[in-house]
Amino acid sequence: MLCAGVAPTGKVLGIDISRAHVERARQLVRERGLQDAVAVEVADLRSDLPVEEASCDVVWMADVLYPDAVGDSEVVVSRLSRLLKPGGAMAIFYGNWLRPMYLPGYARLEHLICAARETVYARERHWQGQTHPERALGWLQRAGLVSCRPEIFPAVHRQPLPEEVRSYITAVSLGTHYARAVETCGEEVGMKREDVELWRRLSDPRHHDFILDQPDYYCLAAALLVLGFRPE
Ligand SMILES: C[S@@+](CC[C@H](N)C(=O)[O-])C[C@H]1O[C@@H](n2cnc3c(N)ncnc32)[C@H](O)[C@@H]1O
């Protein structure tokens with residue numbers, strides 16, 4: 001996507017702190033024949049990056065500005081904003097996976113599960129209020145960027161669900177993320193035994209109440225992209 005945006009002459013530099021992730025990214029770059037346009041390096045967002053100041057048209061980050069990973073996100077955003085050329089854009093993407101709708105018709109149950117999930121994440125990630133990725137708009141504004149705005153990118157799926165969507169929601173969204181939240185913090189956020197029983201019926205692919213098997217099933221999630229621009 002970023003390559004398409006800079007074609008035919010622009011360059012993309014991807015960075016990640018994980019050597020394994022960088023190796024995997026380099027493999028994908030080779031497989032797709034993008035070596036001329038894309039380089040991938042190991043680097044830590046908390047330190048100086050191998051990039052000159054005022055040299056980038058776009059700085060893009062996706063689901064990485066979490067306090068446990070980068071420390072103070074506002075400091076990182078401020079430092080990265082100096083890499084932008086005048087008029088350049090910073091884009092912070094956040095999957096917003098704490099506010100989806102995978103259980104249409106069971107809003108109370110899903111609110112409880114999402115509250116449990118947020119409880120788990122807030123503890124692991126140490127985020128709340130200004131350190132939460134939902135507050136990226138203020139980080140951009142306080143870094144001196146202008147025309148800052150949040151945008152949403154909705155993903156909607158309905159029956160018949162494509163197989164990859166069905167298996168992802170079944171195994172990952174419900175089977176891993178929601179299940180772990182129910183298990184770890186369900187009781188703490190007020191789930192009662194009947195809530196847990198209802199959750200199990202709706203989320204178990206072997207149960208005849210499995211929600212993804214209902215002929216009118218649909219789901220939606222709205223990812224968040226926050227943009228800001230270095231003044232000209
Ligand atoms: C949730 S993943 C998102 C990966 C990718 N941006 C995407 O959207 O698919 C977070 C990534 O941030 C990387 N990361 C964590 N802390 C970092 C840091 N301090 N500097 C650079 N990368 C970091 C992790 O290694 C991981 O690959």
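**Close-up views of a predicted chain**

Read along the sequence, the chain of this predicted model follows the pattern α-β-α-β-β-α-α-β-α-α-β-α-α-β.

View 1. The C-alpha atoms fill a box of roughly 55 × 40 × 30 Å, taken along the principal axes. Of the 232 residues in the chain, 19% are buried. Among contacts with a separation of 6 or more, 78% are between residues 24 or more positions apart.

**View 2. The residues around the ligand.** The shell is made of Asp16, Ile17, Ser18, His21, Asp44, Leu45, Arg46, Ala62, Asp63, Val64, Ala69 and Val70. By class, six of the shell residues are nonpolar, two are polar and four are charged.

**View 3. The buried side of helix 4 (residues 73–81).** Ser73, Val77 and Ser81 are the buried residues of helix 4. Their directions from the axis span an arc of only 70 degrees, so the three residues lie on the same side of helix 4. In general, an α-helix has 3.6 residues a turn, so residues three or four places apart point the same way. The cover over the buried residues of helix 4 includes helix 3 (67–70), strand 4 (84–94) and helix 6 (136–142).

**View 4. The packing of helix 7 (residues 163–185) and helix 8 (residues 193–203).** Two packed helices are described by the angle between their axes and the distance between the axes. For helix 7 and helix 8 the angle is about 175 degrees, and the axes are 12 Å apart. An angle over 145 degrees counts as roughly antiparallel, and therefore helix 7 and helix 8 are roughly antiparallel to each other. Helix 7 contributes Leu174, Tyr178, Ala179 and Val182 to the contact, and helix 8 contributes Val196, Trp199 and Ser203. Six residues of this contact are nonpolar and one is polar, with no charged residues.

**View 5. Val189, in the loop between helix 7 and helix 8.** Val189 has 18 C-beta neighbours inside 10 Å and therefore counts as partly exposed. Leaving aside neighbours within four places in sequence, Val189 is in contact with Leu112, Ala115, Ala116 and Thr119. Val38 lies 151 residues from Val189 along the chain, and the C-alpha atoms of the two are separated by 45 Å.

**View 6. The cis peptide bond between Gln159 and Pro160.** Omega of this bond is about -5 degrees. Pro160 is in the loop between strand 5 (146–158) and helix 7. As background to this view and the next, most peptide bonds are trans, and most residues other than glycine have a negative phi.

**View 7. Ala54 and His126, two residues with positive phi.** Phi of Ala54 is near 55 degrees, a positive value in a residue other than glycine. Ala54 is in the loop between strand 2 (38–42) and strand 3 (56–62). Phi of His126 is near 60 degrees, again positive in a residue other than glycine. His126 is in the loop between helix 5 (107–125) and helix 6. Ala54 has 12 C-beta neighbours inside 10 Å and so counts as exposed. His126 counts as exposed because it has 12 C-beta neighbours inside 10 Å.

Note on methods. Residues are numbered from 1 along each chain as its sequence is written. This is a predicted model: local features need pLDDT of at least 70, side-chain atom pairs count only at pLDDT 80 or more; totals for chains, interfaces and linings use all residues. A residue is buried if 20 or more other C-beta atoms lie within 10 Å of its own, exposed if 12 or fewer, and partly exposed in between; C-beta atoms are placed from the backbone. Helices (H or I, at least four residues) and strands (E, at least two) are DSSP runs, numbered from the N terminus. The arc is that of the directions from the helix axis to the C-beta atoms. Two residues are in contact if their C-beta atoms, placed from the backbone, lie within 7 Å. A residue is near a molecule or strand if its C-beta atom, placed from the backbone, lies within 6 Å of it. Ala, Val, Leu, Ile, Met, Phe, Trp, Tyr, Cys and Pro count as nonpolar, Asp, Glu, Lys and Arg as charged, and the others, Gly among them, as polar. Axes are lines fitted to C-alpha atoms, for helices over the stretch in contact, and angles run from 0 to 180 degrees between N-to-C directions. Angles under 35 degrees count as roughly parallel, over 145 as roughly antiparallel, 65 to 115 as roughly perpendicular and the rest as oblique.
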